[in-house]
Amino acid sequence: MAAVASTALMSTAAFAQSNTDSADLSVTATVDQECSIEDPTAVVFAEVNINEAPGANALLLKNGSQSQSQNIYVSCNYAAKLSATSTNDGLLNAAGAALAANDPLDFTNKIEYRVLLNSTDASFPNLDFRTRLEAADSVNAGGAFHDDALLRVVIDRDDTAKRPVAGVYTDTAVLTLGPV
């Protein structure tokens, strides 16, 4: 009788094991490297501050600086480079070249400026591009970032030593995010 009971238990256990099975399923996904930068609002200095008083400092940019600020989102899902360049190497008054050439030691048809892109959460190093010093500037982020960054454009008296001739000055600063 014990042998019959033992056989019945073994049959039940063997039968239960035969109707189940398992297998591993590998799951992978890939996220491509991506960066995005919000389009900044155009910066317009309607009137550059010059010294209108007569004397040795007449027509020079006034002491101090003028600036405009805005916030723009910059984002990369990997450690990327943030860079800035200028298409004219500064604010250029092409039509004023002849005016400046009349007295080139005192006058210029180019106004130097700065572009500062500052992280508001310390997720990337601050970018400080100065047209007077360099054709381009860049910083490298240590990892992924998403930031409502502060973008400032500054005309500083110390950057332009000569008197700017009258007219409209233009430039395009190019902000780029991409591989290091």
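Predicted model: local features only at pLDDT ≥ 70, side-chain atom pairs only at ≥ 80, totals over all residues.
I started at S75, which sits in strand 2. Strands here (E, at least two residues) and helices (H or I, at least four residues) are DSSP runs, numbered from the N terminus. Residues are numbered from 1 along each chain as its sequence is written, and side-chain values use heavy atoms, with hydrogens and water left out.

Is S75 buried or exposed? I looked it up: S75 counts as buried because its relative accessibility is 14%. The cut-offs are under 20% relative accessible area for buried, over 50% for exposed, and partly exposed in between (1.4 Å probe, protein chains only).

Next I listed what S75 touches, leaving out residues up to four places away in sequence: E34, C35, S36, F145, H146 and L177. A contact means heavy atoms within 4.5 Å. I also checked S75 against A149: they are 74 residues apart along the chain, and their C-alpha atoms are separated by 9.7 Å.

**F145**

F145 is found in strand 10, and it counts as buried because its relative accessibility is 5%.

Which residues does F145 touch, not counting those up to four places away in sequence? I wrote down V74, S75, C76, Y78, A80, L82, S123, F124 and L177. For a distance check I took A173, which is 28 residues from F145 in sequence and 22 Å away in space, C-alpha to C-alpha.

**N140 and V180**

I then went to N140, which has its place in strand 9 (residues 136-140). N140 is partly exposed, because its relative accessible area is 42%. Beyond residues up to four places away in sequence, N140 touches A80, K81, P125 and V180. I compared positions with V48 too: N140 and V48 are 92 residues apart in sequence and 33 Å apart in space, C-alpha to C-alpha.

V180 was my next stop, in the segment after strand 12. V180 counts as exposed because its relative accessibility is 62%. How far is V180 from K81? They lie 99 residues apart along the chain, yet their C-alpha atoms are separated by 4.9 Å.

**Two positive phi angles**

I looked at backbone angles as well. Most residues other than glycine have a negative phi. L59 is not a glycine, but has a positive phi of about 70°. I found L59 in the loop between strand 1 (35-37) and strand 2 (65-76), and it is partly exposed at a relative accessible area of 37%.

D89 is not a glycine either, and its phi is positive at about 55°. D89 lies in the loop between strand 3 (80-86) and strand 4 (91-92). Its relative accessible area is 39%, so D89 is partly exposed.

**The largest pocket**

What volume does the largest pocket have? I noted about 810 Å³. A pocket here is an open set of points on a 1 Å grid over the protein atoms alone, where a 1.4 Å probe fits, with protein on both sides within 12 Å along at least five of seven lines; lining residues have an atom within 4 Å of a point. Grid points are joined across faces, edges and corners, and the volume is the space filled by probe spheres set on the points.

The lining of the largest pocket has 34 residues, and V43, V44, F45, L91 and Y169 lie nearest its centre. I sorted the lining into 24 nonpolar, 5 polar and 5 charged residues. Nonpolar covers Ala, Val, Leu, Ile, Met, Phe, Trp, Tyr, Cys and Pro, charged covers Asp, Glu, Lys and Arg, and the others, Gly among them, are polar. Strand 10 (145-156) and strand 12 (173-179) each supply at least two lining residues.

**The whole chain**

Last, I stepped back. I counted 2 helices and 12 strands in the protein, and the order along the sequence is α-β-β-β-β-α-β-β-β-β-β-β-β-β. The C-alpha atoms fill a box of roughly 125 × 25 × 25 Å, taken along the principal axes. Of the 180 residues, 32% count as buried. Among contacts with a separation of 6 or more, 78% join residues 24 or more positions apart.
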